Amino acid sequence: MRPAGADAVKRLSIKPGLKDMALSLRALPLLVRASYVLRRAPPSRAMQWLGVAQDSPAPVSRVCHAGELALARRIGRAVQRAARGLPWKCDCMPQAMVTCRLLQQVRIDHVATIGGRLAGEGDTVAPGTFYAHAWVSVGGEVVVGQATSALHTPLAYFVAESGSAARSPN
């Protein structure tokens with residue numbers, strides 16, 4: 001017999017609202033396109049989705065409000081949920097690309113970071129193997145790619161501010 005609270009927790013954690021489902025449905029075709037761009041197009045084309053390359057993680061100039069941060073979190077969860085529904089592995093880079101695209105559409109400033117690390121003794125591959133990871137932050141909080149972002153050393157930063165015009169991903 002299950003405890004009474006277990007059903008309530010299960011209902012809260014697995015049933016997204018209609019707005020969240022709509023965001024996931026918006027993310028699906030973008031994830032397909034991002035996956036295609038990563039496999040077939042030059043890397044510069046994929047980087048266009050992320051924003052403008054920066055030398056340092058200079059904070060975006062505008063302060064992020066609580067409502068914007070909440071929306072950014074919802075977008076991040078929606079992209080992750082949509083990625084899990086695809087029949088192929090859709091990992092951090094296409095998720096970061098799509099999250100950036102959706103954040104640009106709603107004019108929320110963000111920073112996309114690409115980082116890397118070398119495998120150590122606790123990893124399942126040979127020590128010295130290079131791992132890359134991409135994550136997106138809004139207001140200093142990681143909204144996509146948070147699972148292992150702390151393990152990676154940042155290598156490149158991409159900034160998109162709401163005042164700048166977002167380019168369409170071709």
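**Salt bridges**

I searched the whole structure for salt bridges and found 2. I note here that the model is a predicted one.

I took the pair of R74 and D20. The closest N and O atoms of this salt bridge are 2.7 Å apart. R74 belongs to helix α4 (residues 66–84) and D20 to helix α2, so I have a link between distant parts of the chain, 54 residues apart. I then looked up the cover on each partner. R74 has 24% relative accessibility and counts as partly exposed. D20 comes out at 16%; this is under 20%, so I list D20 as buried.

Next I went to E141 and R73. Their side chains form a salt bridge with an N to O distance of 2.7 Å. E141 sits in strand β4 (residues 141–144) and R73 in helix α4, so this pair ties together parts 68 residues apart in sequence. I find E141 partly exposed, at 28% relative accessibility. R73 is also partly exposed, at 33%.

**Rings**

How many aromatic pairs does a search of the whole structure find? I got 0. I did note a charge over a ring: R101 lies over the face of W49, 5.5 Å from the ring centre.

**Helix α3**

W49 took me to helix α3 (residues 43–50), where the buried residues are A46, W49 and L50. Down the axis of α3, these buried residues fall within an arc of 105°, so I read them as lining one face of the helix. The general rule I keep in mind is that an α-helix has 3.6 residues a turn, so residues three or four places apart point the same way.

What do the buried residues of α3 pack against? I listed α2, α5 (92–105), β2 and β5 (153–160). After α3 comes G51, and I noted its positive phi, near 130°.

**A112**

I moved on to strand β2 (residues 110–118), which holds A112. The relative accessible area of A112 is 1%, so I count A112 as buried. I left aside neighbours within four places in sequence and listed the contacts of A112. They are L50, C100, W135, V136, A156, Y157 and F158. L50 is also one of the buried residues of α3. For C100 I looked up the spacing to A112: 12 residues in sequence and 7.4 Å in space, C-alpha to C-alpha.

**S35**

Is S35 buried or exposed? I have S35 as buried, because its relative accessibility is 7%. S35 is placed in helix α2 (residues 18–40). Not counting residues up to four places away in sequence, S35 touches W88, C90 and P94.

**Whole chain**

I counted 5 helices and 5 strands in the protein chain. From the N terminus on, I read the elements as α-α-α-β-α-α-β-β-β-β. The chain has 170 residues, and 38% of them are buried.

Notes: Residues are numbered from 1 along each chain as its sequence is written. This is a predicted model: local features need pLDDT of at least 70, side-chain atom pairs count only at pLDDT 80 or more; totals for chains, interfaces and linings use all residues. Side-chain values use heavy atoms; hydrogens and water are left out. Rings of Phe, Tyr and Trp (its six-membered ring) pair if their centres lie within 6.5 Å; planes under 30 degrees apart count as stacked, over 60 as edge-to-face and the rest as tilted. A charge sits over a ring if NZ of Lys or CZ of Arg is within 6 Å of the ring centre and within 35 degrees of the ring normal. Helices (H or I, at least four residues) and strands (E, at least two) are DSSP runs, numbered from the N terminus. Buried means under 20% relative accessible area, exposed over 50%, partly exposed in between (1.4 Å probe, protein chains only). Contact means heavy atoms within 4.5 Å. A salt bridge is a side-chain nitrogen of Lys or Arg within 4 Å of a carboxyl oxygen of Asp or Glu. The arc is that of the directions from the helix axis to the C-beta atoms.
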